[in-house]
Structure formats: C-alpha cells, structure tokens
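Here is a short report for a first look. Please keep the sequence and the 3D view open while reading.

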Amino acid sequence: MSASLSGWGISTQLPDGWEGRISLRVTPTGTTHDEAAAVAPSGRRTLRALAGSSAPGAVGWPGEIPNPVVHLANFALPPGRGDFGSGATDRMTEANALIVLFEYGPESVGQPLFASQGLPHTLRPHHFRANALQRQIPGQVGFQHFFTEAGRAFTLFVVLGSTHHAPTLTASCNRTLANTRISPR
Amino acid sequence: MILTIVVVVEALVIVALAVLVLGLLRSHADILRRLHALDGGDPDGTGVAATTSAGGQPFQTVPEIPGPGPVRIADPKAAAKDIVGQGLTDDSVVIRTAGVDHDTVLAFLSTGCLTCQGFWSDFASPDGVLLPARTRLVVVTKDLAEESPAVLAELAPPGIDVVLSSQAWADYDVPGSPYVVAVDGATGRVQGEGTGMSWEQVAGLLAQATGDRAYLVADTSGRPVKPESDVEREARVDRELLAAGVLPGDPSLYPDGPPPVGVPGVGDAT
C-alpha cells in the first residue's frame, strides 16, 4: 500500500516497502520553553527550537536558514542520520536503496552547478559508481546529480546496496522518483 | 508394637502430604484463574470480562489520564498500519511496519502519563532496552496539540524514533498509555500488544507473544553497529569546515573540478 509524504513543497507517493522523512536540518538555538510553540514557515507548530543541538541527525550552524532534506528508503531509516545518509548506508543490505534530496539555498539557483533542469526519474544502473559515494562501502554504488526544479536548487543522491541488484533497485528508485513532485516555495 | 508405630507414622505422613498436595492444587487453580483474568478472560464464567488487576483492585492512573485496558491477546488477523505523522523536528514522517524485512515495536507513550516516565527513562538509557536483531523501536505520541512540547523535547530519547501521530493511536485502537504493539514486518500482522508498569514487564509480554527471548536477554551476535561514530565524524568535519569559513559548495571542496553534473548518461536520465 502506498503512502503519502509531503512537506516544504515536496511531496511523494511511496511505493510498498518504502518509507521516508522530509525534514529541516536543526539549527542550534536556545532551548527555552517559549520556543516550543514556535511556528515554522509552514505554519505548523514546531519542536525544532526546543530540539536544538540535542536533536539527532545533522546539525547546522547558528543563523543558518535550513533547507529541506528528503530521505527515502526501502529499509528502516535509523535516527540520527547525516544529511547524505551517513549512519544509514552502513546498515543497508544488498537489496536496499536510499534516495536523498538535498535542497540548497536560493543563492544557488542559476549557478552553473545547478544548470540541469528537473528531478531525474529514469536512472539506469550504469549511472551508479562506487566513487560517487560519500564514504565507500564495499559493494555499494552511488549516483549524484545537481539540478533545479520549480526555481529551487537540489542535489539528488542515490545509494544502492549492491551492483548485483542494481537493475531491480534502480527500477524501484525510478518508481519512487517518478512519484515525487517539487513545487515552488 | 514397633510395626504399629511405623504404620501410624506412615499414615500421618501420607495424610500430611495429601493436605499439602491439595493446597498446592488449589493455589495453582487460583493462579490460573488470575492469569486468565489478566488476559481479559471471564474468571467466573459469568460472561463478563475482567476489568480489575490481579489484586482485585481496579487499575488506577492519575486523573485525566486514560488508564490502559486489560491486556489483549493479539488478533492474528489484525493488520498493522504504517505510522504517518510528524517528527520531533517538525519533519514529515512515514514509517513502514508491514511488508518490510524487520519487525517493529511501537511504544505508545504520552508526556503526561506517570507510568510512562519509566519507559521514557528506560529508552533514554543505552542499556535500558533489549531488542531482537532486526527489530526497530518507535515511540508514538499523540499530535503536538495533545502533548506538552516542552516536556516532549525533554523526554525524547536520543537514538530512538519519536513520531507524533494521533492517527496511529486510532489505527491501533490504543486504549491508553503506556501501550506497546509488536508488529511482524514480513506478515504485516500484530504479534502481540499490551501494557505494563515498566518496560521490563512489557519485554516479558513481548517475549511471550513473539517467542523471542532477545527481549529479555542480551544477544550481541549480529546486532547492527550504531551509527553515532559516523554522525559525529560528519558533524565534526562540518564544524571544522564552517569554522574555517568553508561553506557548502565552496570551490576548495572540489579540487578536481566541479562535481559531476555532467556524469555520462545523466542527461539521458532526466
């Protein structure tokens, strides 16, 4: 049964067995109780301020304007992951795949690095290479691509558990990516 | 004369043993009746399910906090539902419990429940919770509107997923907190569910329901390595780079030229 996931102008329909999280990197701030009722740009009440630097996962720096990070995977995403999946990739089996969508700030829009338009959703096994990984783990291969969509600058980072299962995993990733939409902020 | 004395003594011993056996049988029957009552059964054959604890006193919680119902036997046909909600950092979360290669233990807790305090504390302790290999623990609270944000931020245990989802409470028909549901990932069925005064009690329940003693006894074989070292290393590198004024995208991060925008075939992929 598919499941919907959305936040900060990004939405996706997760295929069977896939789970995900769309989050903003925690910015170190105060930890007063007043901040517990802070309101996020989305209008939702938020615990971000309270979580502060004690929250698991990647932590930004004071004054940072955090951007969304999307993690989609066909395995149990562990808490405390890094933005690009550190802490998760070392738990992957050969049959697992991880998709990361990392948004950069508006100053990146229009830069040559992000000249490619649109979120890729027809990846092929030969796009994946071991040296594209943030940290090389035997058997795993990765793919990274910078692009702009809806006036927003992103990088797509995909890790496959093994080259042996690359055709199946790539098809599964493509189904997930095809169901992912990015709207203007 | 001696033979008569021996026979009398033997008779007395037999009578004493008979009394002892009868007492044990009665005690055993009483224990069975109380266990049956704990399972929500009908202790007196009156057709009324048990609503009291083993001591005969109603289960009490603090005012305004709903008390847990009697422990329920998992319905083997009960299908597990995925957990969809909000994370502690205002993130949107979907956690799969069915059709996956791992099992999930859902701990439904709240910030205002006194009994839950022990669970929060156990979960925060590195040695507080034993889980079988390939089993994930997820704490589920109600939505933020129904919880205390400040207390929740304080109680949230590091290294364990906490999801705010009143929908999950409704999906699993949670009668009150604390309440624990074990889901078999392969079949997508609820293996067992119930409550207790401590995680230790619940772990015993889970061990019974799943037949897995790893809830009670540490099994270090094949357990996944914690990712903290990776995360700490990445955070340290980020801090040092930022302190040196190197921001994301800085050209110095790419000594061999820009990142592979033009990876062969990528153009085809878009």
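## Terms and basis

Two strands pair if DSSP finds at least two bridges between them. Helices (H or I, at least four residues) and strands (E, at least two) are DSSP runs, numbered from the N terminus.

This is a predicted model: local features need pLDDT of at least 70, side-chain atom pairs count only at pLDDT 80 or more, and totals for chains, interfaces and linings use all residues. Residues are numbered from 1 along each chain as its sequence is written, chains are lettered from A and ligands numbered from 1 in the order in which they are written, and side-chain values use heavy atoms, without hydrogens and water.

## The sheet of 3 strands

In chain A, 3 strands form an open, antiparallel sheet in the order β1-β2-β8. Its edges are β1 (3-7) and β8 (181-182) of chain A, each pairing on one side only. Strand β2 (residues 10-14) of chain A runs antiparallel to β1(A), joined by 5 bridges. Here Ala3(A) stands opposite Leu14(A).

## The sheet of 12 strands

Another open sheet has 12 strands with mixed pairing, in the order β6(A)-β7(A)-β5(A)-β4(A)-β3(A)-β2(B)-β1(B)-β5(B)-β4(B)-β3(B)-β6(B)-β7(B). Its edge strands are β6 (141-149) of chain A and β7 (189-194) of chain B.

In chain B, β3 (residues 103-108) and β4 (residues 135-141) pair in the parallel sense over 6 bridges. Val105(B) has Leu137(B) in β4(B) as its bridge partner.

## A residue in a helix

Val13(B) lies in helix α1 (residues 2-38) of chain B. Is Val13(B) buried or partly exposed? Val13(B) is partly exposed, at a relative accessible area of 44%. Buried means under 20%, exposed over 50%, and partly exposed in between (1.4 Å probe, protein chains only).
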